[in-house]
Amino acid sequence: MEIIQLNDSYRGRELVFRYRTEHYYEISTREGENTFFFSLERRPFPTPVEKQFTDKLLEPWLEEPRLFAAVDYGGEVGYVELSHERWNNRMRVSNLWVAEGRRRNGVGAALMEKAVEEACAAGARALVLETQSCNDPAICFYRKMGFSLIGFDLTAYSQADVEKKEVRLEFARPV
């Protein structure tokens, strides 16, 4: 397998993200007069949940986007899309996708190592990304890759993110 950079011909290409999850992170928040408290606790769903969403590559709102593919036997088996956020000098992973039949075989790790390499080469101070509190497979993977939770947004996707167990979680890894 090799990692190659792709060009703008991929702009607008849709990727379908699918995953199965058995756990989510329950968010609890409480405010005091001079304090804020929050906790995230990993809990099981009553039954496994299948999730799916679609995203487009190289969207115009990305700063200096870069797209890389993991190629094996002539086919693309994964992508990592990066954007250098100059205002705070962080490299954002805006998309990480691995073909369903190729997960848990090192493709995601190779793509993430490419992201770290690109962030270092750009002089970025950190690599950042987001996922949802219900995407337990991704959370486990990111933590294994050295990422730590740096924040969350209770209403990033809708007013019912907490109830839907889809709270936006932000992770970072210094580079």
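User: Which residue lies over the face of F37, and at what distance from the ring centre?

Analyst: In this predicted model, R30 is found in strand 2. Leaving aside neighbours within four places in sequence, R30 is in contact with T35, F36 and F37. The residue over the face of the F37 ring is R30, at 4.3 Å from the ring centre.

User: Is R30 buried or exposed?

Analyst: The relative accessible area of R30 is 52%. The cut-off for exposed is over 50%, so R30 counts as exposed.

User: What separation is found between the C-alpha atoms of R30 and R86?

Analyst: R30 and R86 are 56 residues apart along the chain. The separation of their C-alpha atoms is 34 Å.

User: How many bridges join strand 2 to strand 3?

Analyst: A hairpin of four residues connects strand 2 to strand 3. The two strands run antiparallel, and L15 stands opposite D55 in strand 3. The number of bridges joining strand 2 to strand 3 is 17.

User: In what order do the seven strands of the open sheet stand?

Analyst: The pairing in this open sheet is mixed. From one strand to the next, the twist averages 30 degrees. The order of the seven strands is 1-4-5-6-7-9-8.

User: Over how many bridges do strand 5 and strand 6 pair?

Analyst: Strand 5 and strand 6 pair in the antiparallel sense. One of the bridges has E85 with R90 in strand 6 as its partner. The pairing of strand 5 and strand 6 extends over eight bridges.

User: At about what angle does helix 1 run to strand 6?

Analyst: Helix 1 lies across strand 1, strand 4, strand 5, strand 6, strand 7 and strand 9. The angle between helix 1 and strand 6 is about 160 degrees.

User: What angle does the direction of helix 2 make with that of strand 7?

Analyst: Helix 2 also packs on the sheet, touching strand 6, strand 7 and strand 9. Its direction makes an angle with that of strand 7 of about 165 degrees.

User: Which element gives the largest share of the largest nonpolar core?

Analyst: This core has 28 residues, of which V80, V93, M112, L127 and F147 touch the most other members. Elements giving two or more residues to the core include strand 5 (75-85), strand 6 (90-98), helix 1 (107-121) and strand 7 (126-132). The largest share is six residues, and the element giving it is helix 1.

User: With which residues is L127 in contact, leaving aside its neighbours within four places in sequence?

Analyst: L127 is among the residues that touch the most other members of the largest core. Its contacts beyond those neighbours are M91, V93, M112, A115, V116, A119, F147, F171, A172, R173 and V175.

User: How many residues are in the other core?

Analyst: The other core lies apart from the largest one. Its members include L6, L57, L67 and A99. The number of residues in this other core is twelve.

User: Why is the pair of Y142 and F171 classed as it is?

Analyst: The ring centres of Y142 and F171 lie 6.5 Å apart. Planes under 30 degrees apart count as stacked and over 60 as edge-to-face. The planes of this pair are at 45 degrees, so the pair is tilted.

User: Which residues form one aromatic cluster?

Analyst: A search of the whole structure finds eight aromatic pairs. The pair of Y142 in helix 2 and F171 in strand 9 links parts of the chain 29 residues apart. Y142 is buried at 8% relative accessible area, and F171 is buried at 4%. The cluster is formed by F141, Y142, F147 and F171.

User: What phi does E64 have?

Analyst: E64 is found in the loop between strand 3 and strand 4. E64 counts as partly exposed, with 39% relative accessibility. E64 is not a glycine, yet its phi is positive, at about 45 degrees.

User: Where is K165 found?

Analyst: K165 is not a glycine but has a positive phi of about 60 degrees. At 22% relative accessibility, K165 counts as partly exposed. The location of K165 is the loop between helix 3 (161-164) and strand 9.

Note on methods
Residues numbered from 1 in each chain as written. Predicted model: local features only at pLDDT ≥ 70, side-chain atom pairs only at ≥ 80, totals over all residues. Heavy atoms only, no water. Core = buried A, V, L, I, M, F, W, Y, C linked by side-chain atoms within 4.5 Å. Buried < 20%, exposed > 50% of the residue type's maximum accessible area, 1.4 Å probe, protein only. Contact = heavy atoms within 4.5 Å. Phe/Tyr/Trp six-rings, centres within 6.5 Å; stacked < 30°, edge-to-face > 60°. Lys NZ or Arg CZ within 6 Å of the ring centre and 35° of its normal. Pairing = 2+ DSSP bridges. Axes fitted to C-alpha atoms, helices over the stretch in contact; angles between N-to-C directions.
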